[in-house]
Amino acid sequence: ATPAAFQQLLATAAASGQPVLLDFGASWCKTCHLMDATTLRDPAVVAKLGDFFPIQVLADSPNKPPARDALAPFAVQGYPTFLLYPAP
């Protein structure tokens, strides 16, 4: 997504009144694929995250714009990174 689309998605998430889950990863991230296939499919995890507004951010080139600019405000240092924000 474009930086503007990402900002709009963040605004939509904030306006939803739901807690927000940001899931940062990349298509080349083996651990990300493992988390998607196991932990994030676990019924207990799915139940706990059921009320969250999920946003998955796939940034294959984290050191280049536009990914770098999207990741910087969240201080993402590596993948996978999960950030949970409470409902406003």
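**Disulfide and ring pairs**

Guide: Tyr79 is buried, at 16% relative accessible area; buried means under 20%, exposed over 50%, partly exposed in between (1.4 Å probe, protein chains only). This is a predicted model: local features need pLDDT of at least 70, side-chain atom pairs count only at pLDDT 80 or more, and totals for chains, interfaces and linings use all residues. Residues are numbered from 1 along each chain as its sequence is written, and side-chain values use heavy atoms, without hydrogens and water.

Visitor: How many aromatic pairs in the whole structure?

Guide: Three. Rings of Phe, Tyr and Trp (its six-membered ring) pair if their centres lie within 6.5 Å; planes under 30 degrees apart are stacked, over 60 edge-to-face, the rest tilted.

Visitor: Phe24 and Phe74, what geometry?

Guide: Tilted: 5.4 Å centre to centre, with 45° between the planes. Phe24 sits in strand β1 (residues 20–25), Phe74 in the loop between α4 (67–71) and β3 (81–85), 50 residues apart. Helices (H or I, at least four residues) and strands (E, at least two) are DSSP runs, numbered from the N terminus.

Visitor: Phe24 and Phe74, buried or exposed?

Guide: Phe24 is buried at 0% relative accessibility. Phe74 is buried too, at 18%.

Visitor: And which cluster holds them?

Guide: Ring pairs link Phe6, Phe24 and Phe74 into a cluster.

Visitor: New topic. Which residues does the disulfide join?

Guide: Cys29 and Cys32, S to S 2.4 Å. The cut-off is a pair of cysteine sulfur atoms within 2.5 Å. The structure holds one disulfide.

Visitor: What's its handedness?

Guide: Right-handed, because the torsion about the S-S bond of Cys29 and Cys32 is about 80°. Both Cys29 and Cys32 are buried.
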